[in-house]
Amino acid sequence: MANMIKATVLSILLFWLLAVIIGRVLGLHGNEVDLHQVLANPSWQHWFGADDLGRDILARILRGVEVSFLVALGVTTVTMTVGVTIGLLAGFYGGKLDKVLMQITDIFLAFPGILLAIAFAAVLGPGIFNLMIALCLTGWVSYARLTRAQTLSLRNRQHVLASESLGAKPLRLMRYHIFPLLLPVLIVEATYSVASIMIAEASLSFLGLGIQAPNASWGAMLRDAVRYMLVAPHYVLLVGASLMSLILAINLGGDYLRDKLDIASSSANEI
Amino acid sequence: MISRLFGFFTVIFGVLVLTFLLIHLVPGDPVEVMLGESASMADREALREQLGLNQPLITQFGTYLNKLAHGDLGQSIHTKTPITELFKTRYPASVQLALLSMLIGLLVGVPLGVYAALKAGRWQDVVVTVVSVRLSAMPVFWLGPILMLVFAVWLGWLPVSGMDEPAAIILPALTLGFGLSAILTRMTRTSLLEVLNEDFIRTARAKGLSERAVIVRHALRAALLPIVTIVGLQMGSLLAGTVITETIFSWDGIGRLLVESIEKRDYPVTQACVLAVALSYVVINFLTDIAYRLVDPRMRHA
């Protein structure tokens, strides 16, 4: 079972990676307007058909893959760094600092789902950079929570106490004695969050808050595709299926890592 | 209990501060962004005055709280309609949608979860679990269009979108209920499996009760307790999930109002929508917490 999952995940990810690279090598950017091909069905010329401006859907999907993956990586890096730092400080020092920091995370958690990201993106104005800021502003909370909980339980482990009694400073304790033990949990969490940020990016772009035309993004493509669903159902189906395959692969990859790294229930993705 | 109440109010206060600050996050001059560059000086000043943007931040916050306390959410800068007026039709529409989705989620999720738990370890269980785990990751902007395509466009059974026919609620509710049913399936399965290992189930079996009575009367009653929490927590998420679903299906709820207000840069409406959804979420979660304590005798002293 585990091997099958691993093989599926790897082949889907490899497929998209190769497709993106080949697209790059061939110089596809999916911005060529061809009005003879408006909403054309899949053909040899356009494997996934063409969109409402006659642009090649496959080329635009590949661009969408690239953009959404880069956004997800960027946002994950920032939110993880910030969240882990805050979580470490709160869990390590405890007391008032912990109380204040956790109260702040509580407030952020009081906004359901991506509502807060939508709100931030809305006031910051549309665009890929603002979209990333909006996702960063809301994304650090789960890392902070997770790290704090883990740090609390690691704080009083023997090796930490031993090192402390030998005179190690808090920074050293956190960096060399607590942080390395957090890594497995964080890696798994980061994998899931890449997938969820890709969904969030697509949601925001769907609402017109993300990447702006003419650049391709999954959310914006889906929005157009829904508009032309009656005449060109292949558009919405192919864009959606591509997105889903990638999300699915990343999530399954997360499951695989979780089993491999033997992490007990901790992530929001747990049953 | 007291500390929970305290936490509840600090969170509400934090939500108020954050939504209040939203409008101040607008880069540059919010008035110019809202009215466009061509707006006259007089119009700008009038709006600035109306929104109180020329006052110190703390005064503005005070005014904001004071207005809220009097049930005044401000007004749309374009149509001048009071936002409370807009909410009168929009909010119930969203609640209606969320409730129906919840019902669908429960009707599908709980029986499936029970089924999976009873077949634990067998292939039926694996199929149900794997499918539900992955379906819950299916974003609504993909599921919604597919349902629309199949049931409205191809089969023609249901209206494509809008709110004119009563049947129009079915597709958006299915879209939202789908992910929820997946979550409920997993929760019910886990919870029931846990309960089935308890002593009182063994006792019930030992005294010769039929398997059906053991499951329905003894196990399920205990197993459904955690579901209460999930239902409450998800109710709030459903309200947020409506943003995209309502947009896809042109359902005139609070989510669509939010999106429309963003497109028109009608920030007071945006602010009010965010506040309304967040407050509903916080209040529902708090009530769920209390309900859980009332329902579960073990929690009364915790």
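Colleague: Is Val282(B) buried or exposed?

Modeller: Val282(B) is buried, with a relative accessible area of 8%. In general, buried means under 20% relative accessible area, exposed means over 50%, and partly exposed lies in between (1.4 Å probe, protein chains only). This is a predicted model: local features need pLDDT of at least 70, side-chain atom pairs count only at pLDDT 80 or more, and totals for chains, interfaces and linings use all residues. Residues are numbered from 1 along each chain as its sequence is written, chains are lettered from A and ligands numbered from 1 in the order in which they are written, and side-chain values use heavy atoms, leaving out hydrogens and water.

Colleague: Where does Val282(B) lie, and which residues is Val282(B) in contact with, leaving aside neighbours within four places in sequence?

Modeller: A contact is a pair of residues with heavy atoms within 4.5 Å. Helices (H or I, at least four residues) and strands (E, at least two) are DSSP runs, numbered from the N terminus. Val282(B) is in helix α13 of chain B. With those sequence neighbours set aside, Val282(B) is in contact with Ala110(A), Phe8(B), Val11(B), Ile12(B) and Val15(B).

Colleague: What else is in helix α13?

Modeller: Asp289(B), for one; helix α13 covers residues 267-295 of chain B. Asp289(B) is partly exposed, at 22% relative accessible area.

Colleague: How is chain B as a whole described?

Modeller: By its elements, to begin with: chain B has 13 helices and 0 strands. Of its 302 residues, 48% count as buried. The C-alpha trace spans about 85 × 55 × 30 Å along the principal axes of chain B. Among contacts in chain B between residues at least 6 apart in sequence, 71% join residues at least 24 apart. Accessible areas come from the Shrake-Rupley method with a 1.4 Å probe, and for residues only the protein chains shown count as cover. For chain B the accessible surface is about 14,500 Å², and carbon and sulfur atoms account for 65% of that area.

Colleague: How should I read the interface, and what area is buried between chain A and chain B?

Modeller: The size of an interface is often given as the accessible area lost when the parts come together. Buried area is that loss for two parts, taken with a 1.4 Å probe and summed over both. Here about 3,800 Å² is buried between chain A and chain B, and carbon and sulfur atoms give 83% of this area. The contact involves 42 residues of chain A and 45 residues of chain B.

Colleague: How many residue pairs are in polar contact between chain A and chain B?

Modeller: A polar contact is a pair of N or O atoms within 3.5 Å; within protein, one must be able to donate a hydrogen and the other to accept it, and residues adjacent in sequence count only if both atoms are side-chain atoms. Between chain A and chain B there are 2 such residue pairs, both at pLDDT 80 or more. On the side of chain A that touches chain B, the elements giving two or more residues are α3 (95-109), α4 (115-124), α7 (170-206), α8 (218-227) and α9 (233-261). Of the elements of chain A, α9(A) gives the most to this side, with 12 residues.

Colleague: Which residues of helix α8 of chain A are separated by about one helical turn?

Modeller: Asp224(A) and Arg227(A), because they are 3 residues apart in that helix. Their side chains meet in a salt bridge at 3.6 Å, N to O. Asp224(A) is buried at 16% relative accessible area, while Arg227(A) is exposed at 54%.

Colleague: Which residues do salt bridges with shared partners join into one network?

Modeller: Take the pairs to begin with. Arg256(B) and Asp252(B) meet at 2.6 Å, N to O, and Glu260(B) and Arg256(B) meet at 3.8 Å. The latter two residues both lie in helix α12 (residues 254-263) of chain B, 4 residues apart. The network made by shared partners consists of Arg90(B), Asp252(B), Arg256(B) and Glu260(B).

Key: Salt bridge = Lys/Arg side-chain N within 4 Å of Asp/Glu carboxyl O.
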